[in-house]
Amino acid sequence: MPASLPDYRAALGASGAAGPVCASAIGRFPIAMHSLATLLYVREIDGSYTVAGAVSAALLVGTAAGTVVQGRLLDRLGPSRPLLALATGYLIAITGLIACIEGRVPLAGTLLVGLLAGLLTPAIEGSSRALWSDLVPAGPRREAAYTYEAISLETFFILGPALAAMLVVATPWPGTALVVAASAELVGTTWFALSAAVRRRSARIRAARAAGSLTREAGLLGVFRRPGLRTVALASLGFGLVAGTAEVGVLAAAEFAGSPAAGGLLLSAWSVVSVLAGVLYGMRPWPRPLHLRLPVLLGGFALLVTAMGLVSPLGSLVLLAVIMLVAGGLITPQTTAHSLGVELTAPADSATEAFNWMVMAAVLGVSAGQALSGTLIDVLGPGGYAAGGALGLLVAALLWLRRGTVAAADAAREPAGSLA
């Protein structure tokens, strides 16, 4: 049954939840801020959206690859110790990236350091979601907790870039946004890893591994071999592609209209609408079957972002804002559906790895969308990002063709385990 407002309050107020919830909120906030902060930073230093998009893409590709590797590691070793080690490596790598940008190191060197910084970016998203099985019982409260994770993650995907854009415009040094993102990543990750609930979960995973009671899917792809999970990841990829395209496109459209600061404000308004719509949608989701919800939501979102791109050359920020806010209503419902899709299609003891596959797909989509949008805007002008929306429509069509894989996983759903 759908979650209610009391379920949200009960989940977030559960014993032991306050520390990890606050810590993960801080640590996950920069998930999409990193890339746009880097893109705008390099754009200010180098002057080219193409070069900036390449550096941002390198960071995101590294993040995507690191997310999956880390997910498998965290499922096997528990989150506490690996996350602390990653935070240390990340601090060194992100400092190196800033030095490369400031020192105008040749592009190949900057791309390599950006890739390394992405690989070492602590991926606490999956661990944060998996922790709820220790904090609340299965049923509406856990669904509410997963919906909170989806809503907050999507808020970070939208609000983070908006803050990055505003910091680049409002502060004298264009690297401020990247430093803010890195600081939040380090503080949030360290706090989360040291929280009591996370340390207890880590100890339990280590004990289960020592007893030989953990089961894991073998092979390079691991849990990603499951067709239903691959479909959910495709939905996440399509969402990231369309959202990443729109983020850069809106900033370029605002600059074209003569109001660069308006881009950040529009993205902020987008995030507010997204959160409100996500809470309401969680109470009455439509379409109810998840295998239908994935293609329908992505298709509607992609269509509206295509329309945003088509009106951007007109220079009317009011018209752009109207279409954009309608599109914002479809953002969080998609991420909620992706999170529920992970619950539906993945085994309980591989929850962190499975969720991180979904996050990786979204990050890759954002990376591709931002790079594509930056290049097309350089070549075609502020409306070039409409192509990203059109590609999203193609992904939605593929999801429709693959909808049976999610329906089959629903029919054969496995019971939740203690280490979900």
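User: What does contact mean here, and which residues does S24 touch, not counting residues up to four places away in sequence?
Analyst: Contact means heavy atoms within 4.5 Å. The model is a predicted one. S24 has its place in helix α2, which covers residues 18-28. With neighbours up to four places away in sequence left out, the residues that S24 touches are I124, S128 and F192.

User: Does S24 count as buried or exposed?
Analyst: The cut-off for buried is under 20% relative accessible area. S24 has a relative accessibility of 1%, so the class of this residue is buried.

User: How far apart in space are S24 and A307, C-alpha to C-alpha?
Analyst: In sequence, S24 and A307 are separated by 283 residues. In space, their C-alpha to C-alpha distance is 35 Å.

User: How are α10 and α11 oriented to each other?
Analyst: Two packed helices are described by the angle between their axes and the distance between the axes. Helix α10 spans residues 176-194 and helix α11 spans residues 196-211; their axes lie 5 Å apart, at an angle of about 60°. That angle makes α10, relative to α11, oblique.

User: Which residues of α11 meet α10, and how many residues of this contact are charged?
Analyst: On the α10 side, the residues are F192, A193 and L194. They meet A196, V198 and R199 in α11. By class, the contact of α10 with α11 has 5 nonpolar residues and no polar ones, and the number of charged residues is 1.

User: How are α4 and α17 oriented to each other?
Analyst: Helix α17 is formed by residues 351-380, and its axis comes within 8 Å of the axis of α4. The two axes cross at roughly 175°. Angles over 145 degrees fall in one class, and α4 and α17 are therefore roughly antiparallel.

User: How many residues of the contact of α4 with α17 are nonpolar?
Analyst: This contact includes 5 charged residues and 13 polar ones. The count for the nonpolar class is 16.

User: Which helix gives the most to the lining of the largest cavity?
Analyst: The structure has 4 cavities of 30 Å³ or more, and the volume of the largest is about 110 Å³. Its lining has 13 residues, of which I31, T63, T121, E125 and E185 are the closest to the centre. At least two lining residues come from each of α3 and α4 (49-77). With 4 residues, the helix that gives the most is α4.

User: How many residues in the lining of the largest cavity are polar?
Analyst: The lining of the largest cavity includes 5 nonpolar and 2 charged residues. The number of polar residues is 6.

User: Which helix gives the most to the lining of the second largest pocket?
Analyst: The second largest pocket holds about 300 Å³ of space. It is lined by 15 residues, with L40, A165, V168, V169 and P260 the closest to its centre. Helices α3 (33-46), α9 (140-170), α12 (227-256) and α13 (260-283) each supply at least two of the lining residues. The one that gives the most, with 5 residues, is α9.

User: How many residues in the lining of the second largest pocket are nonpolar?
Analyst: The lining of this pocket has 3 charged residues and 1 polar residue. The nonpolar residues number 11.

Technical notes. Residues numbered from 1 in each chain as written. Predicted model: local features only at pLDDT ≥ 70, side-chain atom pairs only at ≥ 80, totals over all residues. Heavy atoms only, no water. Axes fitted to C-alpha atoms, helices over the stretch in contact; angles between N-to-C directions. Parallel < 35°, antiparallel > 145°, perpendicular 65-115°, else oblique. Nonpolar A, V, L, I, M, F, W, Y, C, P; charged D, E, K, R; others polar. 1 Å grid on protein atoms, 1.4 Å probe; cavity = no way out; pocket = protein on both sides within 12 Å on 5 of 7 lines; lining within 4 Å. Points joined across faces, edges and corners; volume = space filled by probe spheres on them. Buried < 20%, exposed > 50% of the residue type's maximum accessible area, 1.4 Å probe, protein only.
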